[in-house]
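Subject: Structure for you to look at

Hello,

I am handing over the structure below, and I would ask you to keep it open while you read the notes that follow it.

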Amino acid sequence: MGGATIARSPGIVGRIVERGILGAAIRGAVEGRPGAVFVHGEAGVGKTRLVRTVCDEAALRGVAIVWGRCVRFGAVDAPYGPLIGALEGWVESAEPAELSDVLELVPAAGALLPSLGNHTSARAVRLLPVVDGLVMAIASHRPTVLVVDDVQWADMASRDALAYLVAGFRSQRLTVFTTYRDEELGEGDPMHSWLADLRRLPSVTDIRLDRLTRDQTERQLAMLLGGDPHHQLVDDVARRSGGNPYLSELLVHGVTLADAELPAELPEELTGALLAAWHRLSAPTREVMRVLAVAGRPVPVDDLREVTGARAIGPERLSASLAEAAKAGIFVAQDPDLCWFRHPLLAEVLSASYVPGEAGPVHTAWAKTLEARSAAGLDEVRRVGDLAQHYEGAQDLEACLDASLRAADLARQITAPREEAAHLRRAARLWPEVHRGDADVLSNEVDLLERAARANELVGDGEASFAAWSRALALIDERAEPLRASRILLRWSESAWTTGRLKTEPIAEAQHAVELCRVFPESQQYAEALAFLSQSQAWSNALDAARENAEEAVLAAHRSGSCEALSAAYQARGFAYQRDERSEFDTTESMRFARLSGDPEQISWSCVARMNFLLERGRVAECIEVAAAGFNEALDAGASSPAAALGGAVAGGLLMFGRLSDSADVIRTGLSLACLPNARAHVRLQAARLAVRQGHLETASMHLQRTQELIPAYAERPGMEAPPVVAEYLLARGRPEEALAMLSRTLTAQFADPQIADEMLMWGARAAADLAVSARDSRDSALGKKAQTALDELVALREPLLPSPFAVTVPDDPIQPAMKALYVAERARLKAGKPTSAAWENAVHMCAAAGMRWEEAVSSWRWAQALLEEGARRTAIAMPLRSAHRFAVEVGAIPLQSQTEALATLCGKIPLEEPAAPSHDQAPLPFRSLTKREQEVLTSLIAGRTYAEIAGALFISEKTVSAHVSNLLRKTGTSSRGEVSALALRLGVHH
């Protein structure tokens, strides 16, 4: 069994259903059906024991168990802590050949695993793909269970990695189990959001373990005591433990079958029950365990020896105490070097047993020991973070602040943004206490708050970021520092918008920021404030004012010479003049200066500006390239919020191109990123659209529900581009009336982007057409009129917005003509009795010219449907129908595939399967002399295609097809197309 050493547990009572669920998940992994199970409940209810029991059984069948533990130690930890521990355990126990194979597949593993001796490369390597690569490589050798125990204490990077693994489930032989304490999760805990995201994935199962009943507690005691316990003893244990199996086990330690009740002196409180076993230890051993508890995590025995030595506990006494605690089942050696408690709950209770001030000297001793150590890479981040925690416990707040800042700097050096943000949060919290009333360092506190706010913003902690910007804004004196006040006001406004505190564009705040620095016309701050104001005005459709301020921003940015200001100014001007050709230059310059600045947030915004320009011109392929480049840059920088926002844009473009599989890969990464609500909502929306097209409507519903939780009014939010996604989902559900109502309700909110408004018109026409078809089927003329009226009202809402609907505002834009062609075709479908095939044929060609493969395939299906309704020849229907079916099979679009197959049956069973190419090697004698073209014709004959269909597919005339058929009949000695087809099938030429 791979992973860290796990002591075998005694048997468990009950949990039959839960064991069945976990066992089924492991069987799924064996069969290539990956899944995840989240096991949760209160501390001591048996989560770890349940998972361990099932995993022990699986290990006997050859399943690899890779087990990682999380430990509680403040709010800061090194990235990927439990996963590193799990993978290090696997490295230690793996067979040499398997280890060599896995490491060969993941050359960067040394950047993650200290035992491989390559810490320093972490700076150049993105660690999330390394974690994923190692787990997948292990699973490629044999079925694997990855367990992360007590995930409520996991660092955010580890949670990201778990989300990435689960979102990437395809056919891997992998199961992920996590355990967590649900009573640990207070209101606002980020774990809630993480769980909400993952629980909505179809491969995730949730198990909550409840306490044992009295009967189950009786069976547990019988197992522990070796016989049937006295009923009074059962009642006593059940009452005191409340059915918590761990507490029940502690309560009966030392009790025998002869005892009718628990000893009177045992404590009744739960904390007392936890301490019962500890109280039975000798006094020196009790003290050693308390010292170990203060460590906060598994520690090397050498470190424990040094700390206890400072507490006048010598090496011999320590060894004896560890042996005594191990014999009592309290202490376990997790591997040859690390030691910890068998159950972490006891560590918490022992830590809490210190009276105020008593634990300070112990924390000081641990800090002194850690100060004498050194490490590299991730281990050094952990060491300095632990130092900060111990200094705070020792009430040495100045040293804690210093260690927190050192840890933040180290985290930045190895590109560990989450850890940097966490350390900065603590530093910002401590600063006012350390420098209480010291006006001379107020400016330094504002510096720290700005850094903390930006760091938390990049990793998606919008609330922490807003709190830091708010305190900085409260501290700053506008009259003394107007430039800094302007910058902080802008960032506060942006944070208030992204966290939902501002419902409208912060124009007033931006104008005030401009006024603060107007007397400094050569400053970076003045240029950035003008650019921010211009952007806010453009989103509010005040284009004249936006353009005026953007022009001034560009001039001011050049005066300042700041790359950040130049990028922001050109971005603002590019947006204000988005339909003007000057935007080509502006958006390119914005990206150039953003990259010169090296600021991942500025890079992402400049990418968005460039993408808007490209989309306006229908240059979708270029748009995806820009977004993908920015996406990868943001990932490399650890900027999860910008990465997720750009990932949503990449996924959306790929879906337009019909590249469902590529889109799924991007969405998977995006779902694994903890980020600001807006960014997460972007990814969720594309995940919902992908799920609809793959036929997973329940999954789509879950993604939309999560989007609603993130952004309550997401369909009305400008820039979110949500209404088309929601409309597609509602139509897939067969709810066109709801789709029309939603589009009407949200259209005016999208006026800042006429292209989205036009796409909404197309979806309105599609919804109205679906409703009209339903009305005709049910002979409901009133419903038919309602469909027409709803669409007319939607068109009337769009009319006042310039440019006019589907106007081509820039040369060579293929997207708007394609969208208009779709709208026209759907509007024709809305009306009864008129031929629509020509409109759908035009839509197919226009979508093909724009590269919109998804809509091209849908239109091909509609074209075939229209041809059938118009009584066209079977051969005419076959061509677009086969095209749509071929695409649906290629990308895994199950609903579209089913629709084309159903239509093929209606048309007299048009064969849709693509003929397989004949084998040239070892062909049976009658077929060896066929030319390549004759082989292609034979393939089509076997597939049941007519001469006209073969001619269309091969771009030749029917006369030429006839000539080829004559030749292959002569060469094979057959007399008809049926005879030659049968011969080929009998001889195995085609399968």
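The count of salt bridges comes to 75, and please bear in mind that the model is a predicted one. As background, side chains of opposite charge can pair when their charged atoms come close.

Arg290 has a relative accessibility of 10%, and because buried means under 20%, Arg290 counts as buried.

Next come Glu463 and Arg501, whose side chains meet in a salt bridge at 2.8 Å, again N to O. Glu463 is in helix 21 (residues 462–475), whereas Arg501 is in the loop between helix 22 (482–498) and helix 23 (507–516), so this pair ties together parts that are 38 residues apart in sequence. Glu463 is partly exposed at 46% relative accessibility, and Arg501 is partly exposed at 40%.

A further salt bridge joins the side chains of Arg862 and Asp770, at 3.7 Å from N to O. Since Arg862 lies in helix 40 (residues 853–869) and Asp770 in helix 36 (residues 754–777), the pair ties together parts that are 92 residues apart in sequence. Here Arg862 is buried, with a relative accessible area of 12%, while Asp770, at 22%, is partly exposed.

Finally, please look at Asp197, Arg200, Arg680, Arg684, Arg706 and Glu709, which are linked in a network of salt bridges.

Best wishes

Notes. Residues numbered from 1 in each chain as written. Predicted model: local features only at pLDDT ≥ 70, side-chain atom pairs only at ≥ 80, totals over all residues. Heavy atoms only, no water. Salt bridge = Lys/Arg side-chain N within 4 Å of Asp/Glu carboxyl O. Buried < 20%, exposed > 50% of the residue type's maximum accessible area, 1.4 Å probe, protein only. Helix = DSSP H or I, 4+ residues; strand = E, 2+ residues; numbered from the N terminus.
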